[in-house]
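Here are a few notes for your next look at this model.

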Amino acid sequence: MERDTVCKTIHQYSRGPIPEADMEKLQAIARDYKRVKNYVYARYGGIGGLSKIYPGYTVQNEMTASGLRDRMGMPSVYFYLAVFDALEDVKSQWTRTKARVLERINAQESLLPQEKHYLRFLLKIPGLFDAALNEKPAALPGGVERAYEDLAGQVDREKLNRFLRRQVRKVHVRQHTNREDGFTLSERAYRYGDHGIYVSVKEKRRRVFIPLTDGNQYRRQIYMKLLPDKQSVELKVPVDVAVKRYDDYQSCVGTALGIQVMLTADNGHRYGAELGERQAAYNEWIRLQTSSYNRNRKDNPGRKKYYAGKRRMKEGLHSYINHELNRFLETEKPRTVYMAKLAGPAKGGVNPRINQAVSMWQRGYIRKRLEQKCRERSVDMVWVLGKDIARECSRCGALGRKREGRFSCPVCGWEEEEKTNTARNAKQRGQKGMVVISHKNSR
């Protein structure tokens, strides 16, 4: 599908220090926002809330009847946004739970094929999943009910329903948040003016004025991030921006992601060469902070400074990643980017240091940002088959060896830097049609 616009997050910043009294009013909203979200998590995050979270009107009505908003004195424009933010989190958590349960079902060798099929069917149909977990009858459309009864007649229904409940209890997490550094605002909760923004607070008919560094005005649902230690705020505004198209973006580029060097192109160009060092510094900082916290846990030192420092370091790492991705696109000028679709990091292992480095690797963030930047520039992003892509010789196709960052082929004698060889394979596989996912953004 051709895209004329793409959603992008615009950042606005406060100008000058915000008075302490005004910051306290904003923090009061953030604290209430957190409290409402935790209330929703606790009340609707378990299996008993499954029948109420889709589409969510029941939750909204029950939250209204609970009287929580009146007891807190919280404006409705924030109360219901907090409810629906939490509701989306609960839905996402159930999606993750189902995915983890499905993995356990597929890995369970004692289950027969028809039993696995029955359990997958329960996971797929929301009404059945809810009924099995809550041990109640399901109201299903005629066609679905007939298919279910046919499957259930081939297995021990009660036994498998108990198995499903056990697996859900093992993996499902009821959420909780300690974050009170921001909240979402609808259009009713703010208005722009006087080179700033007026924000509703808990006092009736009162708004806090925050001067901004720019005069841009938006009519969207926005997120306000509070930075009380800096006496400032940051606004995050999702906007639809026009897709940029460049006539000189004509090349086809194969790429390979790495832990030490962020991105390598098939021509050998390297982007994000400092990523490994920056991630190592980030990992070491977290290790030292965690060790210090564990030593002094009895003194209850708290984690506020830790989370603030971690956020700053992560934002710096992300800033570097975005800068290098921009440099990649501006230098290579691609019409199409090819990259291997690889599985996630393996569980277990024998080297805790390697496992920690892989777990802290920003691969998911890099991929997400590259996809976004390709959409903004109308560049096609193509994910190719990743099996053995790093072991395959990009010249003859035989399986070779990797050692100390170099690839060598025992068949044709080809030698190349390991990631460059992988990037060349990604380009070749894409051009041969060995495609897993393709995001067509160019005309």
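This is a predicted model: local features need pLDDT of at least 70, side-chain atom pairs count only at pLDDT 80 or more; totals for chains, interfaces and linings use all residues.

1. Residues are numbered from 1 along each chain as its sequence is written, and side-chain values use heavy atoms, leaving out hydrogens and water.

2. The structure holds 25 salt bridges (a side-chain nitrogen of Lys or Arg within 4 Å of a carboxyl oxygen of Asp or Glu). One of them pairs Glu135 with Arg165, with the closest N and O atoms 3.9 Å apart. Glu135 sits in the loop between helices H6 and H7 and Arg165 in helix H8, so the bridge ties together parts that are 30 residues apart in sequence. Helices here are DSSP runs (H or I, at least four residues) and strands likewise (E, at least two), numbered from the N terminus.

3. How do the two partners differ in exposure? Glu135 is exposed at 62% relative accessibility, whereas Arg165 is buried at 11% (buried means under 20% relative accessible area, exposed over 50%, partly exposed in between, with a 1.4 Å probe and protein chains only).

4. Asp266 and Lys427 form another salt bridge, at 3.8 Å between the closest N and O atoms. This pair links distant parts of the chain, 161 residues apart: Asp266 is in the loop between strands S9 and S10, and Lys427 is in helix H13. Asp266 is buried at 17%, while Lys427 is partly exposed at 22%.
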